[in-house]
Amino acid sequence: MVKPIATVSVVPNLPKTLERLRELAYNLRWSWDHETIALFRRMDRDLWESTGHNPVYMLGLMDQNRLEGLCDDPAFMTHFRQVLSSFDDYMIGHDTWFLRHYAKSDKPYLAYFSTEFGLTECLQNYSGGLGVLSGDHLKSASDLGLPMVGVGLLYQEGYFHQYLNADGYQQETYPINDYSNLPVTLERDADGNPLRISVPMPGRQLFAQIWRVQVGRVPLFLLDSNIPENPAEEDRNLTDRLYGGDRRTRIRQEILMGIGGIRALEALNLRPTVCHMNEPHSAFLALERIRIFMRENNVNFWQAKDITAAANLFTTHTPVPAGLERFGFDLIDEHFTDYYRDLGLNRNQFIDLGRENMGDYELFSMAVLALNTSSGANGVAKLHGVVSRKLWQWMYPEIPEHEIPIGAITNGIHVQTWMSRDMEQLFDRYLDPAWRDSPSDVNVWRTVDSIPDAELWRTHERRRERLVAFTRRRLRAQLQNRGAAQHEIETAEEVLDPDALTIGFARRFATYKRATLLFRDPERLKAILDNPERPVQFIFAGKAHPHDTGGKDLIRQIARTARQEDFRHKIVFLEDYDMHIARYLVQGVDVWLNNPRRPKEASGTSGMKVIYNGGLNCSILDGWWDEGYAPSVGWAIGAGEEYPEYEWDHQDFVESQALYEIFEKDSIPTFYERGRDNVPRGWINKVKTGLQVLAPYFNTHRMVQEYTDQMYMPCYDRARSLTGKNIEDGLEFATWKGRLYEAWRGVYVRDVRVSEKTLRVGTELGVTAVVHLGQLTPDDVQVELYYGKLGTRGDISDDGQAVPMNLNTAEAVDGAYTFSTKVTYENSGQRGLSVRVLPKHGSLPSPFQLRIVRWAQ
């Protein structure tokens with residue numbers, strides 16, 4: 001292979017009049033603005049499609065005569081100027097939600113770290129739902145005007161491309177991304193040289209350059225180690241693949257993203273006030289923030305940790321222990337021995353930051369590290385919050401499960417990214433224009449009833465027709481690439497019926513998602529599909545992780561079933577699922593099917609996307625559907641039952657039967673019960689109710705607003721208070737924590753007395769407690785009465801309540817203070833109560849954050 005002695009960069013030669021096309025192409029706002037997409041498509045529709053909807057690549061391939069001709073096209077130039085005007089108004093952002101609500105703040109920089117970002121199909125830097133959620137998060141942050149930056153890695157090969165072999169078994173390919181033809185730009189220093197950062201690796205430094213992806217108003221910075229400064233091939237290859245390589249590769253990727261991400265922001269002169277870890281892959285960032293704070297403020301590790309933790313947040317997306325990122329201590333020793341010495345820690349102190357007992361052995365858990373170095377944590381749906389509190393209860397051993405400080409902010413979707421242009425135009429005609437900027441406003445969606453049923457139905461039917469046409473094209477290409485027989489290729493033109501009830505199932509093919517539950521009873525399924533008066537059809541798509549043989553086997557089962565004569569025209573599997581296929585599916589299907597094994601679905605967002613496109617959901621009550629479901633907006637499979645592993649086969653039987661029942665007796669009849677105008681009024685009523693009830697909530701505008709109100713700004717205020725006045729308040733807080741831990745052994749509840757043993761409903765019960773505080777004062781603690789129903793084992797039930805107790809005497813008597821309160825019982829029955837002592841400080845985000853509590857014995 002010949003090495004070049006010089007390199008040149010070839011860029012599109014745009015006429016001066018069209019120069020700002022480059023600006024439009026490099027800002028991914030086009031990915032959710034239909035008018036900008038229409039402008040690029042207008043330039044050359046075939047090229048737009050063949051480049052994978054990549055305007056940067058398209059501009060580089062366009063014929064120069066065509067570009068010159070566009071300058072003389074009055075209609076195109078008018079369209080161009082309109083798009084530029086809209087773009088400029090958006091980028092200025094004079095009246096954003098953030099400015100209206102937090103205009104008096106000094107615009108804290110918020111940094112959002114994620115291992116993947118799904119922004120558009122031409123930038124393959126995502127694998128699935130987590131990445132798409134991260135991308136939608138940044139898009140809504142941009143729309144709402146948050147002062148946010150994103151941080152992650154840029155993968156040379158991205159996630160794999162999928163194709164099926166003749167047996168239906170998944171195969172993977174890894175095409176190389178050409179950054180010069182992608183909407184990414186290299187960050188450079190004042191001399192024009194690529195900006196470099198480095199992170200420690202065993203015996204060397206790993207170097208990386210920084211790429212920028214502009215997401216509307218929000219910059220996303222992605223690190224890339226494939227540069228000449230890294231002589232070792234393993235270092236250059238570190239950012240080759242998303243979720244690729246062995247455990248050593250993974251820990252090094254996470255060092256680069258966490259430690260390197262903070263160093264990249266420092267190099268860019270962007271010091272974030274608040275850092276949000278989306279999943280724990282970036283948790284090493286907390287250590288780097290501590291290291292910098294120690295160096296700049298001449299404090300020790302524990303002081304720096306207490307102060308910087310106030311500005312870190314952690315979101316977990318994982319409902320099962322097996323999905324968490326953990327590393328053996330050998331890898332920690334290999335990569336962090338010098339680093340933890342630099343922090344002033346010994347080996348055990350460092351490992352304790354992430355130590356998790358796995359039974360017979362221990363591992364270093366990134367999630368434990370994130371929880372130990374953050375002031376706030378949350379799951380991504382209400383049910384997932386419950387699951388997460390149960391999962392991490394071992395870290396909060398004396399705290400009732402429902403009070404563990406892990407909350408929940410339910411995921412959403414970026415509406416304009418996922419809504420079809422047809423539906424967008426329909427809403428423009430009938431809804432308040434605020435639906436675009438304020439999709440979380442309930443009032444916006446109340447006027448959905450003003451949309452004529454027939455018009456809503458015809459709009460959705462057009463999208464289903466386009467989905468069928470798209471599926472036929474994709475299937476034909478799949479069969480040709482596979483070397484299928486000509487007669488099989490020709491049948492691709494006949495699969496599916498554009499007027500039939502179309503059900504979609506597309507997601508990551510993990511075994512717990514049970515993609516083949518539908519095929520449990522083939523004869524019953526065949527009877528459903530073969531009804532000529534009420535035809536039904538299914539479209540499947542999704543990838544299994546390259547090492548997940550169970551997931552790959554599910555794909556093979558579906559592919560084989562789809563080739564059988566009985567199912568050939570009614571079931572299709574689309575290969576290489578990505579955002580492009582996803583848009584066609586969520587915009588065109590009538591029903592989105594989801595049947596995971598509860599409670600293993602953290603949230604899921606694919607089903608949310610069909611809401612805004614006139615579709616309905618049929619799902620297990622898990623993830624977001626557990627809180628979104630009502631009979632008026634879709635269908636639930638089962639009633640939220642959870643089965644032990646030894647009953648999973650029975651569970652699959654029961655829930656498959658429930659699924660067939662829904663199809664046969666509810667969803668299919670509702671779809672085909674038509675009036676004289678052939679409009680299914682009952683079906684449309686469900687669609688409209690779904691828009692009114694679900695649309696205001698399951699979007700990322702509402703989600704990001706909740707993160708801002710509940711986490712970002714409180715976190716920012718705490719961090720600012722601790723670091724002000726030459727960090728005096730921060731040092732006081734750290735000192736207080738140390739004193740509290742030291743003195744806690746002297747805290748105990750000496751005596752608890754109740755005014756009555758038996759009392760009538762509606763009367764007050766007085767409770768008095770004598771509490772010994774040792775070296776602490778009443779200002780250091782809060783004393784609470786905890787009460788609730790008695791369970792079968794004599795314990796207070798899981799939903800117990802706490803009320804503060806009042807200090808009766810300002811001075812201690814024999815080293816103890818007396819506290820009292822009153823409580824009223826509104827229902828009869830056996831009740832239990834106890835008294836507890838918790839830490840109290842103005843800088844604590846939660847009294848449970850320190851994980852210490854003293855209960856009355």
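Predicted model: local features only at pLDDT ≥ 70, side-chain atom pairs only at ≥ 80, totals over all residues.
Side chains of opposite charge can pair when their charged atoms come close. Searching the whole structure turns up 66 salt bridges. Here are three of them, with their N to O distances:

| Salt bridge | Distance (N to O) |
|---|---|
| Arg271 and Glu266 | 2.7 Å |
| Lys665 and Glu661 | 3.0 Å |
| Arg745 and Glu742 | 3.8 Å |

Take the pair Arg271 and Glu266. How exposed is Arg271? Its relative accessible area is 43%, so it counts as partly exposed, because that label covers values between 20% and 50%. Glu266, at 27% relative accessibility, is partly exposed too.

Now for Lys665 and Glu661. Where do these two sit? Both belong to helix α28, which covers residues 648–672. They are 4 residues apart there, and that's about one turn of the helix. Lys665 has 60% relative accessibility, so it counts as exposed, because the cut-off for exposed is over 50%. Glu661, with a relative accessible area of 32%, is partly exposed.

What about Arg745 and Glu742, buried or exposed? Arg745 is exposed, and Glu742 is exposed as well.

Notes:
Residues numbered from 1 in each chain as written. Heavy atoms only, no water. Salt bridge = Lys/Arg side-chain N within 4 Å of Asp/Glu carboxyl O. Buried < 20%, exposed > 50% of the residue type's maximum accessible area, 1.4 Å probe, protein only. Helix = DSSP H or I, 4+ residues; strand = E, 2+ residues; numbered from the N terminus.
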